[in-house]
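Subject: Structure handover

Hello,

The structure we discussed is below, with notes on what was found in it. Please read the notes with the structure open.

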Amino acid sequence: MAHNTESFFGINEALLSSALAAVVFSLLSAQPLTVVGITGLISLFNYTIFHILQLHDVSLYPNFMVWVGIWSAIFHWLTAIFNLCDYMRTVTDFSAETFALYVGTIYIIKGVEELSINFYHNTILNGFASALVAVLYTLTVYLLQKTGATCLFNSTTRSILSDYAYPLATVFWTGFSHFPGNLADVDFIRLPTTRAFFPTAARSWVVSFWDLPVKWIFVAAPFGFLMTLLFYYDHNVSSLTAQARSFPLKKPAGFHWDFFLLGWTCLVAGILNIPLPNGLVPQAPVHTISLTNYEDEVQELKTKHGEVTIRKDTTAKSVVEQRLSHFIMALAIIGTMTGPLLTVLGLMPRALFSGVFFIVGWDSIESNGIMEKILFLCREARFQSPSDPLLTIKRSAIAHYVFWQLLGWACTVAISQTIAAIGFPVLIVALIPFRWVVMPRLFERRELQVLDRLTATNEVVLVSLGGRPEMPEEKRERLRLGRDVESDGRDEEKSD
């Protein structure tokens, strides 16, 4: 974001925004498990607006962004007041999986773009060394995270290696970039830092946004609406995934209050001219996973030759539902804003951020339902699991369903690479009515029951969204059966 906005946004703005959101949501939100901060999508949104204003008058950008935040706050409050978050109960895996695949793809694209900066000015040695560090960092985090699902070491060690994969890998590869010897010939680009608690650019935190011409104040309104549309889906889906059906939660959710609260953080962040924070889709469920108490059970499986195979079966028993962990994150972020820790952050090579983009992006792709369906279609028939529900429907129906998901994914990725990128929230949100209006006309009820399901199925979540909605294919089937019964009744009357 700093590179694409000519350093208007930098590390200080990102840290302050994340700290603001973490403090507010850890103390005041109804869903403190949802991690809130800066996303790759808001970075895309911010620098796309910067590029648009470059076509007119880029000096308007600081004041313009304040009004985008103000309008966004107003739209957030209206959304919460009129209970529009209730419509999030209609979100199904059709749109959620498409969005997750889109987010993962964007993160990987941004990781590659970040790496390309290391090749600028013919710094080939730095470029290749940075690429190697980024890839190795990605593999390190990936393997450490996977340790939790293995039988290596004991459960405590596995938990530590898995939960602290990012800090462990960051410390090691930051130190690696400072090793003497041949590595000393590589001039790694480090994280650019400035004075503690000061903006990156030569400005004050609060700019004279009231001096923006009236015309541009109203031009900022549709941008604020698009920002709200993005947060409406992104933040609420983050809350849904942090409280997914797989987590044994007990405390009820609170989507309307949290979205109202998000409006206030939009207002404050906008006035301070820092990126607007919202829910983090990949990180929110990871936070809940780290707070979940798992129990490992040993299962003995006998083969047809009488050999015994030992398998580990992990079950989620409970979740530590509290605010402390999120608040500690806030304190840690505030700590990194101080001078000494900013100096430490300045020791990190920028290549590590590409690695973060890669691993976060791959996490969204690897576990995605779209990928699971594609792998099912590619897998040899005799090696399919007999209990897989996908075996109960036609392969052509699966391929047809995945086609529509990939089409939505391709359209959003394509528009995100143009100056029209601010319009991508419209495409994402449009997938919801598309699923409810169009898909039931293209697929049979049984096919949709196997291929898709509501994202919000946890009872503690549905209580905040007005309960479980009736799926359109169920309604169509009910109405059809009703007409059939009525028709049979009339036929019996005629026969009498």
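To start with a term: rings of Phe, Tyr and Trp (for Trp, its six-membered ring) form a pair if their centres lie within 6.5 Å, and a pair is stacked if the planes are under 30 degrees apart, edge-to-face if over 60, and tilted for the rest. This is a predicted model, in which local features need pLDDT of at least 70 and side-chain atom pairs count only at pLDDT 80 or more, while totals for chains, interfaces and linings use all residues. Residues are numbered from 1 along each chain as its sequence is written, and side-chain values use heavy atoms, with hydrogens and water left out.

Aromatic rings

The structure holds 29 aromatic pairs. In one of them, the ring centres of Phe-8 and Tyr-61 are 5.4 Å apart and the planes stand at 80°, so this pair is edge-to-face. Phe-8 sits in the segment before helix H1 (11-28) and Tyr-61 in helix H3, so the pair links distant parts of the chain, 53 residues apart. Helices here are DSSP runs of H or I with at least four residues, numbered from the N terminus. Both Phe-8 and Tyr-61 are buried, meaning under 20% relative accessible area with a 1.4 Å probe and protein chains only.

Another edge-to-face pair is Tyr-401 with Phe-443, with centres 6.0 Å apart and planes at 75°. Tyr-401 belongs to helix H15 (residues 395-416) and Phe-443 to the loop between helix H17 (439-442) and helix H18 (445-451), so the pair ties together parts 42 residues apart in sequence. Tyr-401 is buried at a relative accessible area of 0%, and Phe-443 counts as buried at 5%. Both residues belong to one aromatic cluster, formed by Phe-94, Tyr-401, Phe-403, Trp-404, Phe-434 and Phe-443.

There is also a charge over a ring: Arg-195 lies over the face of Phe-198, 3.6 Å from the ring centre. The criterion is NZ of Lys or CZ of Arg within 6 Å of the ring centre and within 35 degrees of the ring normal.

Cavities and a pocket

On a 1 Å grid over the protein atoms alone, a cavity is a set of points where a 1.4 Å probe fits but cannot get out; a pocket is an open set with protein on both sides within 12 Å along at least five of seven lines; lining residues have an atom within 4 Å of a point. A volume is the space filled by probe spheres set on the points, which are joined across faces, edges and corners.

A search of the whole structure finds two cavities of 30 Å³ or more. The largest has a volume of about 60 Å³, and its lining includes Phe-9, Asn-46, Met-65 and Asn-273. H3 gives the largest share of that lining, three residues. By class the lining divides into eight nonpolar, four polar and no charged residues; Ala, Val, Leu, Ile, Met, Phe, Trp, Tyr, Cys and Pro count as nonpolar, Asp, Glu, Lys and Arg as charged, and the others, Gly among them, as polar.

The second largest cavity holds about 40 Å³. Its lining has seven nonpolar, two polar and one charged residues, and the largest share, three residues, comes from helix H4 (residues 93-116).

The second largest pocket has a volume of about 240 Å³. It is lined by 14 residues, of which Leu-84, Tyr-87, Leu-229, Tyr-232 and Val-429 are the closest to its centre. Helix H8 (214-242) is one of the helices that supply at least two lining residues, and the largest share, four residues, comes from H8.

Regards

Technical notes. Buried means under 20% relative accessible area, exposed over 50%, partly exposed in between (1.4 Å probe, protein chains only).
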